[in-house]
Amino acid sequence: MTYISHSEEETLSFGYRLGKQCKSGTVISLRGSLGAGKTVLVKGLARALGITEPIVSPTFTLIQQYEGTLPLYHMDLYRIGSAEEFEMIGGEEMLYSNGVAIVEWSEKIAEMLPDTTLFVDIDIMPNEDRVITLQGADI
């Protein structure tokens with residue numbers, strides 16, 4: 001499935017609609033370049049889960065956890081060197097939890113991702129629109 005977002009508000013809305021489809025154990029691989037709108041999409045998804053606290057990119061903390069109708073684990077693995085390092089910080093437990101796990105830079109732990117992982121790619125077009133593509137598990 002492919003969606004074109006023309007604004008930050010539309011990306012937020014897309015994230016909200018995606019969040020409404022999430023259930024316990026949902027894992028989402030979120031891919032896109034810096035400034036593509038990954039955190040904006042997560043903000044919409046979090047809103048759908050009833051999370052009211054501010055959503056921030058976990059680039060330096062690696063993992064942000066939020067409580068809503070389902071727990072939300074937002075992971076940014078840019079600074080992770082290996083799947084072993086991910087295991088050492090307890091990341092695998094969040095992948096196979098009763099919450100929703102969103103993983104940026106998931107290629108670093110590709111072998112650990114569940115078969116049901118949903119892959120969301122955000123690409124920036126020359127006119128600044130975003131092309132959001134969903135692949136993988138049916139949600």
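**Entry 1: helix α2**

I looked up which residues of α2 are buried, meaning under 20% relative accessible area, with exposed over 50% and partly exposed in between (1.4 Å probe, protein chains only). They are Lys38, Val40, Leu41, Val42, Gly44, Leu45, Ala46 and Ala48. That makes eight of the eleven residues of α2, so I noted the helix as mostly covered. Helices (H or I, at least four residues) and strands (E, at least two) are DSSP runs, numbered from the N terminus.

This is a predicted model, where local features need pLDDT of at least 70, side-chain atom pairs count only at pLDDT 80 or more, and totals for chains, interfaces and linings use all residues. Residues are numbered from 1 along each chain as its sequence is written, and side-chain values use heavy atoms, with hydrogens and water left out.

Next I asked what covers the buried residues of α2. The cover includes α1, β2, β4 (72-76), β5, β6 and β7. After α2 comes Gly50, with a positive phi near 80°.

**Entry 2: the cores**

I looked for nonpolar cores. A nonpolar core is a set of buried Ala, Val, Leu, Ile, Met, Phe, Trp, Tyr and Cys residues joined through side-chain atoms within 4.5 Å. The largest has 24 residues. Leu45, Leu72 and Val120 have the most contacts inside this core. At least two core residues come from each of α1 (8-21), β2 (27-32), α2 (38-48), β5 (100-104), β6 (118-124) and β7 (130-136). Which element gives the most to this core? It is α2, with four residues.

I then followed Leu45. Contact means heavy atoms within 4.5 Å. Setting aside neighbours within four places in sequence, Leu45 is in contact with Gly15, Tyr16, Leu18, Gly19, Cys22, Ile28, Leu72, Val100 and Ile102. There is also a second, separate core of 16 residues. Ile63, Leu77, Ala83 and Met94 are among its members.

**Entry 3: Leu30 in β2**

I picked Leu30, which is found in strand β2. Is Leu30 buried or exposed? Leu30 is buried, with a relative accessible area of 1%. Beyond its neighbours within four places, Leu30 is in contact with Lys38, Leu41, Val42, Ile102, Val103, Glu104, Trp105, Val120 and Ile122. The C-alpha atoms of Leu30 and Val103 are separated by 5.8 Å, though the two are 73 residues apart along the chain.

**Entry 4: Tyr3 in β1**

I went to strand β1 (residues 2-5), where Tyr3 has its place.

**Entry 5: loops**

I checked phi in the loops. Most residues other than glycine have a negative phi. Trp105 is not a glycine, yet has a positive phi of about 65°. Trp105 sits in the loop between β5 and β6. It is partly exposed, with a relative accessible area of 34%. Glu128 is not a glycine either, and has a positive phi of about 80°. Glu128 lies in the loop between β6 and β7.

I also looked up Gly99, in the loop between α4 (91-95) and β5. Gly99 is buried, at a relative accessible area of 1%. Leaving out residues up to four places away, Gly99 touches Lys23, Ser24, Gly25, Thr26, Pro71 and Tyr73. Gly68 is 31 residues from Gly99 along the chain, and their C-alpha atoms are separated by 9.4 Å.

**Entry 6: the whole chain**

I finished with the overall picture. The chain has four helices and seven strands. Along the sequence they follow the pattern β-α-β-α-β-β-α-α-β-β-β. The radius of gyration is 14 Å, close to the 14 Å that the globule rule gives for 139 residues, so the chain is as compact as a globular protein of that length. This radius is taken over C-alpha atoms, and the globule rule is 2.2 Å times the number of residues to the power 0.38. The C-alpha atoms fill a box of roughly 40 × 30 × 30 Å along the principal axes.

Buried residues make up 50% of the 139. Among contacts between residues at least 6 apart in sequence, 58% join residues at least 24 apart.
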